[in-house]
Amino acid sequence: MEQRIADLEAYVNNGARTPDVASKIPGPGPGHNAWQMVSTALVIFMTLPGLALFYGGLVRRKNVLSVLAQCMGIAGLVTILWWAVGYSLSFSGGNAIIGDTAAKFLTGVEGGKTGAGYHWISDLMWSMFQLSFAIITPALIVGAIAERMKFLAVLVFVALWMFLVYFPFAHMVWATNGLMCGPLNKDAAIKAIDFAGGTVVHMTSGWSALVLCLILGKRVGFGKESMPPHSMVLCMVGTGMLWVGWYGFNAGSALGADGIAANAFATTTLAAATAGFTWAVCEWVLRGKPSVLGFCSGIVAGLVVITPGAGFVLPTSAVIIGIFAGVIPFLACAYLKKAFGYDDSLDTFGVHGVGGTLGAILTGVFADPAANSVLGPDGMKLMDGLLANQLKAVALTIVWSVVATTIIAYIVKAVIGLRPTEEAERQGLDISEHGEEGYVS
Amino acid sequence: MKLIIAIIKPFKLEEVKEALAAAGIEGMTVTEVKGFGRQKGHTEIYRGSEYTVDFLPKVKLEVAVSDEVAAKAIDAIGKSARTGKIGDGKIFVLPLEEVVRIRTDERGEKAV
């Protein structure tokens, strides 16, 4: 009887099960598992259609479908890779860098089992939740190369990038034996923390995006012709969907409907709202007018920057993080890009590369055991030297992403080429690559 | 007969239409166009990129009239479309060789 009550208490507290005793509730806990399913759907919604519309609105009308097609193409391709071997390489056994192939084709990953992700969520939902992150990460790169990369080259690049960058990073940061998984691996070489993907998602995609857009070169007519967004309305609609979906991303990363999830929900809200407001005010002061694109960019930047700290910082810290998120990525997009002259079409680097890096560092500054006991003496005692560990994780992520992307991009360039012909690019990728138009009349 | 082509500010279209109706003009054709004259464009800023938008939205109005009504029509358009600010537009007047009412095959002034 005592053991059965302990089981129930563990479920209600989202805590560990009583070890070495046969439990009468071996399956997932319904409440936590329900939140995991909702969260997974929310993160899928971030990509389709959230990110697709956010990016789609920002390109010229002749390229709107190419962006939507790239997002859907990546969703399909990555899902197949994930089922085949991606999940296994990310989360099944292996060493500190990469997993093994024991769970290929989701072997042994069952709806009725728990423990692969956390105490009370279904193993199969854990694999689907992580899949939704694996989809959006390469889709973020689309923003930097929009309007000028062949569809086939995008798919081949992404397939290689998943194996060389994403699967290793998901493993290193979130697997229980990962190199940088401070909260779960007491033997981690770098005891860093990343709640929902500052390094894994935003830094890898952001820094890879910068490298890829440099190797790809500028769009035809860049700097000479005007290339304004064709629909700020679509862009704002996409931004709202990203914000809503991000609750699955951040609060869902608590892997249960517990107090840490509530904290992540609150910090996500505060950072997004503060950063959107701050970015627009920066524009107002420095450029004369607060723009809708400014609000949208700031909201996304706030969401990016709070991601690694969402479940580790307190709400008031999230407001301060939001102010940083509204100012620093704004300066990167408005001035850094101009100073260096690279053509990051939709500012993937400015928002996700700079924002992800900023978030990883600020998480080291503001993390508080009062927000998450895993940080403190009752948990993994991560506070000592945390900022230094965060900086090590940042450095490793940047170097790895830059080197791997450089290698992959040059291979794809040599084998199939990266860019369409100039004529096809001028005509627009919608017609030249997909044979259809976004707006017929 | 004259063909009057007027380029006006879009928000002035209703007033111009009413002024022409008051002057006895019974038909017109309207097109949404873009262009610029001395007004030039404006600047749009998207994150780090600044774009000068030269072509501003305008409305092009085409009216075919008999010679005797022409002066009144030009006057009506001019007065109703005027704000006194740069960018009010222009009126072009062209001689019109022939007009055909397709339904009845009437020609000339009867068809205007």
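The largest nonpolar core has 146 residues, and those touching the most other members are Tyr55(A), Ala271(A), Leu303(A) and Val305(A). By nonpolar core I mean a set of buried Ala, Val, Leu, Ile, Met, Phe, Trp, Tyr and Cys residues joined through C-beta atoms within 7 Å. Buried means 20 or more other C-beta atoms within 10 Å of the residue's own, with C-beta atoms placed from the backbone; exposed is 12 or fewer, and partly exposed is in between. Helix α4 of chain A, residues 123-145, gives the most to this core, 15 residues. Helices here are DSSP runs of H or I, at least four residues, and strands are runs of E, at least two, numbered from the N terminus. Apart from this core lies another, of 14 residues, including Ile25(B), Leu61(B), Ile77(B) and Ala81(B).

A word on the source. This is a predicted model, where local features need pLDDT of at least 70 and side-chain atom pairs count only at pLDDT 80 or more, while totals for chains, interfaces and linings use all residues. Residues are numbered from 1 along each chain as its sequence is written, and chains are lettered from A and ligands numbered from 1 in the order in which they are written.

Back to Ala271(A). Beyond its neighbours within four places in sequence, Ala271(A) contacts Gly302(A), Leu303(A), Val305(A), Ile306(A), Ala318(A), Ile321(A), Gly322(A) and Ala325(A). Contact means C-beta atoms, placed from the backbone, within 7 Å.

Now chain A as a whole. It has 14 helices and zero strands. Of its 441 residues, 58% count as buried. A compact globule of 441 residues would have a radius of gyration near 22 Å, and chain A agrees with 21 Å. That radius is taken over C-alpha atoms, and the globule rule is 2.2 Å times the number of residues to the power 0.38.

α8 of chain A, residues 259-287, has 29 residues and reaches 41 Å from first C-alpha to last, close to the expected 42 Å; the expected span is 1.5 Å times one less than the number of residues. Just after α8(A), Gly288(A) has a positive phi of about 100°. α7(A) has a kink of about 25° centred on Val244(A), the bend being the angle between axes fitted to the seven residues ending there and the seven starting there.

Last, the interface. Which helix supplies the largest share of the side of chain A that touches chain B? It is α10(A), with five residues. In total, 13 residues of chain A are in contact with six of chain B.

How values were computed. Contact = placed C-beta atoms within 7 Å.
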